[in-house]
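Hi everyone, thanks for making time. I'd like to walk you through one structure today, starting with the fold and then moving on to the ligand. Have a look at it while I talk.

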Amino acid sequence: MSDCIFCNIVAGKIPSAKVHEDEWTLAFMDIGEVNPGHVLVTVKPHVENIYGLDDRHAAAVFQTAARVARAVKTAYAPGGITLYQANGPAAGQTVYHFHLHIVPRYDKDGMRLTWPAKNPPREQLEENAARLRAAFD
Ligand code: AMP
Ligand code: ZN
């Protein structure tokens with residue numbers, strides 16, 4: 001995809017601060033970091049979001065993420081690390097080439113995701129699970 005910013009980063013046509021690269025993934029610094037050490041792990045082929053990830057790339061992304069997280073912990077010793085991954089506009093995705101954020105976290109660092117828990121009855125949870133089992137491929 002010639003007009004995709006992350007395809008251009010993978011191809012080396014747009015500069016990035018690379019952290020790690022292997023056959024399937026590239027990890028580089030987020031230009032709009034929330035905290036120092038904020039890394040994006042992306043897959044090399046153009047895949048818009050998680051729906052298009054094959055098993056090999058899905059596994060490779062998490063393997064790279066775990067390695068990057070350990071490096072972030074060693075290098076920055078943050079109070080915590082949040083993994084954030086958006087699919088589609090309602091989820092807040094802004095770049096449509098799959099990527100996973102690895103964000104070092106600190107107390108009161110201002111990063112916020114509100115979590116409006118509904119706590120439905122057990123029967124509702126069973127119904128939801130059955131619906132998803134039926135949709136599984
Ligand atoms: P999302 O909103 O989850 O799709 O995240 C997209 C992320 O890509 C944002 O955090 C941006 O700061 C980051 N980003 C956009 N362009 C670049 C770039 N050229 N180099 C590094 N990160 C980028
Ligand atoms: Zn792309």
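**Fold first, then the ligand**

Reading along the sequence, you get the pattern α-β-β-β-α-β-β-α. That's three helices and five strands in the protein. Keep in mind that this is a predicted model. For a sense of scale, the C-alpha atoms fill a box of roughly 50 × 40 × 25 Å along the principal axes.

Okay, on to the ligand. Where does ligand 1 sit? It's in the largest pocket. Which elements give two or more residues to the shell around it? Those are α1, residues 5–10, then β2, residues 25–29, and β5, residues 99–105. Helix α1 makes the largest share of that shell, with three residues.

There are 16 residues around ligand 1, and the ones that come nearest are Asp 30, Thr 94, Val 95, His 99 and His 101.

A polar backbone atom of Ile 31 is 3.1 Å from a nitrogen atom of ligand 1. Over at Val 95, a polar backbone atom is 3.0 Å from an oxygen atom of the ligand. Then there's His 99, where a polar side-chain atom lies 3.0 Å from an oxygen atom of ligand 1. How much of the ligand does the protein cover? On its own, ligand 1 has 510 Å² of accessible area, and the protein covers 83% of that.

Last topic, charges. Side chains of opposite charge can pair when their charged atoms come close. How many salt bridges does the structure hold? Five. One I'd like to show you is between the side chains of Glu 21 and Lys 44, at 2.9 Å, N to O. Glu 21 lies in strand β1, residues 18–21, while Lys 44 is in the loop between β3 (39–43) and α2 (55–76), so this pair ties together parts that are 23 residues apart in sequence.

That's my tour, so over to you.

Key: Residues are numbered from 1 along each chain as its sequence is written. Chains are lettered from A and ligands numbered from 1 in the order in which they are written. This is a predicted model: local features need pLDDT of at least 70, side-chain atom pairs count only at pLDDT 80 or more; totals for chains, interfaces and linings use all residues. Side-chain values use heavy atoms; hydrogens and water are left out. A residue is near a molecule or strand if one of its heavy atoms lies within 4 Å of it. A polar contact is a pair of N or O atoms within 3.5 Å; within protein, one must be able to donate a hydrogen and the other to accept it, and residues adjacent in sequence count only if both atoms are side-chain atoms. Accessible areas come from the Shrake-Rupley method with a 1.4 Å probe; for residues, only the protein chains shown count as cover. On a 1 Å grid over the protein atoms alone, a cavity is a set of points where a 1.4 Å probe fits but cannot get out, and a pocket is an open set with protein on both sides within 12 Å along at least five of seven lines; lining residues have an atom within 4 Å of a point. A molecule sits in a cavity or pocket if more than half of its atoms lie within 2 Å of its grid points. Helices (H or I, at least four residues) and strands (E, at least two) are DSSP runs, numbered from the N terminus. A salt bridge is a side-chain nitrogen of Lys or Arg within 4 Å of a carboxyl oxygen of Asp or Glu.
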